[in-house]
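Subject: Structure handover

Hello,

Here is the structure I promised to pass on. My notes on it follow below.

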Amino acid sequence: MKLLKYIGLIPARFASTRFPGKPLALLGGKPVIQHVYEKVASLLPEVYVCTDDDRIVEAVEQFGGKAVLTGSHHRSGTDRCREAYQNLGSDADVVINIQGDEPFIHPSQIKALQSCFDNPDTDIATLVKPFDAGGGLEMLENPNSPKVVLSADRRALYFSRSVVPYLRGVDKQEWLGRHTFYKHIGLYAYRADVLARISGLAPGQLEQAESLEQLRWLENGYTIRVAMSDVETVGIDTPADLERAEAFLASRMQKGGCL
């Protein structure tokens, strides 16, 4: 079996609608993007932040990281990763797309993504985490936490903002105790040739309905292999999320942990 070469790409935009300048916001005294970069760089031989803003490039280079400029027209992190891969002239076999607002990404998650490519029919890999039954029905029904339906061999069959599957004949209050529902974790890895092809696909009806780009790939017949994660992370989409992340970091440090 060929030993695959991986590259980690971290898309980061300055002009976030809900939190402008988010990648450069300070968490524990250093930029959010630095936390993400340092975690990933400890695991992969080649890592770049891909961004459309010189301020982010400058910040990354100041802490010793690598960055590549991309256009400002991209609709998604996937499209930005495609341009970055091309601009770099990389020969990596697999591109790992790490969200720039996930400072608590865990090494096990990257390794789990890589393990999906042990199966030669894997085009794209992503992660899921079982919903905690203690989280309650409100958490399960939250449309901002997409759900995933899996095949027996852990291929993604469907992603939805609705609760899937629907448990017919079971009271909703009992759903979490009667079935394992899977929450999607938005980390992706793609074979390089697949990334080139999916970036050219037009959004389909399912993606337009649910506003989930991964449905475009399923609609076009690509195999999305899924790995399990038991790690709970704190993504940062808003200033309020940054406050939660500060509290999460402080609690970990008090327990003698590390970021």
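Start with two tyrosines: Tyr188 is buried, and so is Tyr190. Buried means under 20% relative accessible area, exposed over 50%, and partly exposed in between, with a 1.4 Å probe and protein chains only.

Before the rest, the ground rules. This is a predicted model, in which local features need pLDDT of at least 70, side-chain atom pairs count only at pLDDT 80 or more, and totals for chains, interfaces and linings use all residues. Residues are numbered from 1 along each chain as its sequence is written, and side-chain values use heavy atoms, with hydrogens and water left out.

Aromatic pairs

A search of the whole structure finds 7 aromatic pairs. Rings of Phe, Tyr and Trp (its six-membered ring) pair if their centres lie within 6.5 Å; planes under 30 degrees apart count as stacked, over 60 as edge-to-face and the rest as tilted.

Phe104 and Phe248 form an edge-to-face pair, 4.7 Å centre to centre with 80 degrees between the planes. The pair links distant parts of the chain, 144 residues apart. Phe104 is in the loop between strand 6 (94–97) and helix 4, and Phe248 is in helix 10. Helices (H or I, at least four residues) and strands (E, at least two) are DSSP runs, numbered from the N terminus. Phe104 is buried at a relative accessible area of 2%. Phe248 is partly exposed at 26%.

Back to the tyrosines. The ring centres of Tyr188 and Tyr190 are 6.2 Å apart and the planes are at 25 degrees, so this pair is stacked. Elsewhere, ring pairs link Tyr166, Trp175 and Phe181 into a cluster.

One charge-over-ring contact is also on the list. The charged end of Arg55 sits over the ring of Phe14, 3.6 Å from its centre. The criterion is NZ of Lys or CZ of Arg within 6 Å of the ring centre and within 35 degrees of the ring normal.

Strand 7

How many of the 7 residues of strand 7 are buried? The count is 6, so strand 7 is largely enclosed by the rest of the structure.

Strand 7 has these pairings. Strand 7 and strand 10 (residues 182–191) run antiparallel, joined by 7 bridges. Within that pairing, Pro130 has Tyr182 in strand 10 as its bridge partner. Strand 7 and strand 11 run parallel, joined by 5 bridges. Here Val128 stands opposite Met228. Two strands pair if DSSP finds at least two bridges between them.

Salt bridges

The structure holds 16 salt bridges. The cut-off is a side-chain nitrogen of Lys or Arg within 4 Å of a carboxyl oxygen of Asp or Glu.

Arg225 bridges to Asp121, with the closest N and O atoms 2.4 Å apart. Arg225 is in strand 11 (residues 224–228). Asp121 is in the loop between helix 4 (107–116) and strand 7 (124–130), 104 residues apart from Arg225. Arg225 is buried at 6% relative accessibility, while Asp121 is partly exposed at 37%.

Arg80 and Asp52 meet at 3.9 Å, N to O. Arg80 lies in helix 3 (residues 77–88) and Asp52 in the loop between strand 4 and helix 2, so the pair ties together parts that are 28 residues apart in sequence. Arg80 is buried at 2% relative accessibility. Asp52 is partly exposed at 27%.

Asp241 and Arg244 form a salt bridge of 3.4 Å, N to O. Both lie in helix 10 (residues 239–254), 3 residues apart, about one turn of the helix. Asp241 is buried at 13% relative accessible area; Arg244 is partly exposed at 48%. Separately, salt bridges that share partners join Arg18, Lys22, Asp101 and Asp237 into one network.

Helix 2

Which residues of helix 2 (residues 54–62) are buried? They are Ile56, Val57, Ala59 and Val60. They cover an arc of only 165 degrees around the axis, which puts them on the same side of helix 2. That arc is taken from the directions from the helix axis to the C-beta atoms. Asp54 and Gln62, on the other side, are exposed.

The cover over the buried residues includes strand 1 (6–12), helix 1 (32–41), strand 4 (47–51) and strand 5 (67–69). Contact here means heavy atoms within 4.5 Å. Gly64 follows helix 2, with a positive phi near 95 degrees.

Best wishes
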